[in-house]
Amino acid sequence: MSGFVFNEKPIAIEEGDGAYVYDDSGAEYLDMGASYACVPLGHRHDAVDTAAKNQIDRLTYVQASYPNSVRTELYERLAATAPDPIDKTWLCNSGTEANEAALKFARSATGRSKLVAAMQGFHGRTMGSLATTWKTKYKKPYEPLAGDIEFVPYNDPEALAETVDEETAGLILEPVQGEGGINPASAEYLQTAREVTEQAGAALIFDEVQTGMGRTGSLWACEQACVVPDVLTSAKGLGNGFPIGATLCREWVAEEYGSHASTFSGGPVVSAAANATIETIVDEDVPAHAAEVGGYLVERLEEEIGEAVREVRGEGLMVGIEVKRGAMKYLKQLAMHHQVLALPAGRTVLRLLPPLTITESEADEAVEAIAEVVG
């Protein structure tokens with residue numbers, strides 16, 4: 001038997017279409033996790049798949065030191081979507097790489113080493129990103145990690161003011177914590193983060209690997225708080241299933257980025273997929289749809305299971321259901337008995353990250369299944 005690293009689930013997924021996936025026997029499952037939000041436009045999206053197939057017929061790969069029109073288009077498209085004045089783009093292959101670059105850029109641009117991150121935060125599994133991730137279970141086997149990291153309570157403006165100082169290179173935060181339990185930051189918290197980093201001359205980094213590309217009801221979650229960071233990271237939903245990440249920066253960070261590179265930075269095929277993904281999300285106003293259906297989903301969940309759970313919370317179609325007992329048993333029941341796939345966010349939270357294109361009837365289908373196992 002061939003070896004593997006991941007803990008495999010007992011469902012072999014072989015096909016997908018929209019909000020549904022199908023196992024090797026043809027059984028249909030409603031995908032309320034979208035593989036950790038990686039397919040915001042749903043499975044087998046025509047515009048994305050066509051763009052990638054057409055690019056394969058022209059050129060599969062060329063390194064980023066050679067100009068390529070598809071990659072250049074993506075640089076420009078990402079810069080155009082980013083909150084002003086962010087206008088510089090570095091491409092990579094995943095969210096942890098995007099955050100790794102952000103942390104390196106913060107240090108190189110400021111000449112400082114101290115990094116501040118939030119308790120319960122998750123920023124990835126490479127050594128730098130992992131050092132700013134909170135949970136010990138992810139870090140312990142690989143210590144010692146990068147040093148000079150300080151953690152502060154999430155959603156505590158006073159803690160930020162006390163910790164971010166003139167020795168700080170960067171502050172990294174998720175506008176909505178994903179792995180930490182679907183915890184939305186208050187506007188006051190994000191605004192304080194902006195104020196204290198500006199005062200200290202430190203880089204404010206927003207990790208929007210999971211919240212970006214319309215997930216929370218706006219293209220970028222930080223837009224809802226009217227806060228523009230110095231660095232913005234993206235990945236998961238950026239290529240609608242194709243592996244790509246991006247680190248978006250203000251000029252002052254980009255001009256002192258140091259020597260950082262990636263062999264597969266912005267390959268033509270993934271760039272074509274990302275261009276089609278972003279174009280569709282923007283042109284079809286997918287974030288507005290996510291806000292509308294997300295509000296409907298939360299309302300229906302509160303009606304059906306509100307008294308049986310601790311809380312239903314989230315933004316847009318990034319929804320957490322905090323249950324009174326362990327989440328995994330409910331997730332197993334949903335998958336095996338109701339053919340609905342969802343995700344954990346910590347030990348007691350069911351995480352819903354469906355395609356942003358789901359309909360209210362598909363949301364109803366999920367609510368009915370969740371009510372059966374939780375209520």
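**Figure 1. Ala 37 in helix α1.** Ala 37 lies in helix α1, which covers residues 34-37, where helices (H or I, at least four residues) and strands (E, at least two) are DSSP runs numbered from the N terminus. Although Ala 37 is not a glycine, its phi is positive, at about 70°. With a relative accessibility of 3%, Ala 37 counts as buried, a term that means under 20% relative accessible area, whereas exposed means over 50% and partly exposed lies in between (1.4 Å probe, protein chains only). The model is predicted, so local features need pLDDT of at least 70 and side-chain atom pairs count only at pLDDT 80 or more, while totals for chains, interfaces and linings use all residues. Residues are numbered from 1 along each chain as its sequence is written, and side-chain values use heavy atoms, with hydrogens and water left out.

**Figure 2. Met 213 in the loop between β10 and β11.** Met 213 is found in the loop that runs between β10 (203-207) and β11 (231-234). Its phi is near 60°, a positive value in a residue other than glycine, and Met 213 is buried, with a relative accessible area of 1%. Most residues other than glycine have a negative phi, and most peptide bonds are trans.

**Figure 3. The crossing of helices α3 and α10.** The axes of α3 (residues 69-81) and α10 (residues 268-283) come within 9 Å and cross at roughly 35°, the axes being lines fitted to C-alpha atoms, for helices over the stretch in contact, with angles that run from 0 to 180 degrees between N-to-C directions. Among the residues of α3 that meet α10 are Val 70, Leu 74 and Leu 78, and among their counterparts in α10 are Ala 272, Ile 278 and Val 282, where contact means heavy atoms within 4.5 Å.

**Figure 4. Thr 277 within helix α10.** Thr 277, which has its place in helix α10, is buried, with a relative accessible area of 0%. When its neighbours within four places in sequence are left aside, Thr 277 is in contact with Pro 40, Leu 41, Val 48, Gly 237, Leu 238, Gly 239 and Asn 240.

Figure 5. The buried residues of α12 are Ala 327, Tyr 330, Leu 331, Leu 334 and Ala 335. Seen down the axis of α12, these buried residues fall within an arc of 130°, so they line one face of the helix, the arc being that of the directions from the helix axis to the C-beta atoms. They pack against β3 (28-31), β15 (340-341), β16 (343-344), β17 (349-352) and α13 (360-374), whereas the face turned away from the buried side carries the exposed residues Lys 332 and His 337. Helix α12 is followed by Gln 339, whose phi is positive, near 55°.
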